[in-house]
Amino acid sequence: MGALFFPLFSSMKLCNSCGKCCEKAGNGGLSASAEEIDWWEIHRPDIFRYVDGNRIWVDPETSEYFPRCPWLRSSDDSSSLSCDIYHDRPEECRHYPIDIDQMLRDECEMLERRDLLDLKRAQRKLDQIMIDSRPLAGDGY
Ligand code: SF4
Ligand code: SF4
């Protein structure tokens, strides 16, 4: 597993746009609130066309979930991925990552080996990094 090769004494990095979290957002892996969906319907019909009821990122031709988020784009040199609807993406995307378990599951590249040695400290560091994006999530650690 990649974490074994992380340097021992460095600590959590900023997001490097590896896109691994977004890669897992297909096949119904993501949700949106009724308010978000209503907003897209009025202001972003291009986004809303991939909504079916309360399911998001659904192919309108088949009514099946896209296997991969349809808004994920590769850079020209394929070195990074970006979100085509960044400013209007779902809140679930804005709040990511919430906790260390989620980062481990998704192999998030923000994590360093040192973070795994003290999960409470790592969660506090994550909450600091995310302070402008979401409420604190560290109570469980
Ligand atoms: S909507 Fe954007 S941020 Fe959210 S999973 Fe798709 S590409 Fe990633
Ligand atoms: S998996 Fe982590 S490092 Fe990669 S894009 Fe998502 S938040 Fe950023």
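1. Helices here are DSSP runs of H or I with at least four residues, strands are E runs with at least two, and both are numbered from the N terminus. By that scheme, Pro97 sits in the loop between α4 (91-94) and α5 (100-106). A cis peptide bond joins Tyr96 and Pro97, with omega about -5°. Most peptide bonds are trans.

2. This is a predicted model: local features need pLDDT of at least 70, side-chain atom pairs count only at pLDDT 80 or more, and totals for chains, interfaces and linings use all residues. Residues are numbered from 1 along each chain as its sequence is written, while chains are lettered from A and ligands numbered from 1 in the order in which they are written.

3. Look at ligand 1. A residue counts as near a molecule or strand if its C-beta atom, placed from the backbone, lies within 6 Å of it. The residues surrounding ligand 1 include Cys22, Cys69, Cys83, Cys93, Trp71 and Arg89. The shell has 10 nonpolar residues, no polar and one charged. Nonpolar means Ala, Val, Leu, Ile, Met, Phe, Trp, Tyr, Cys and Pro; charged means Asp, Glu, Lys and Arg; the others, Gly among them, are polar.

4. Now ligand 2. It is surrounded by 13 residues, and the closest are Cys15, Cys18, Lys20, Cys21 and Cys108. This shell splits into seven nonpolar, three polar and three charged.

5. Check Ser17, in the segment before α1 (20-23). Its phi is positive, near 60°. Most residues other than glycine have a negative phi.

6. Glu107 lies in the loop between α5 and α6 (113-117). Its phi is also positive, near 55°.
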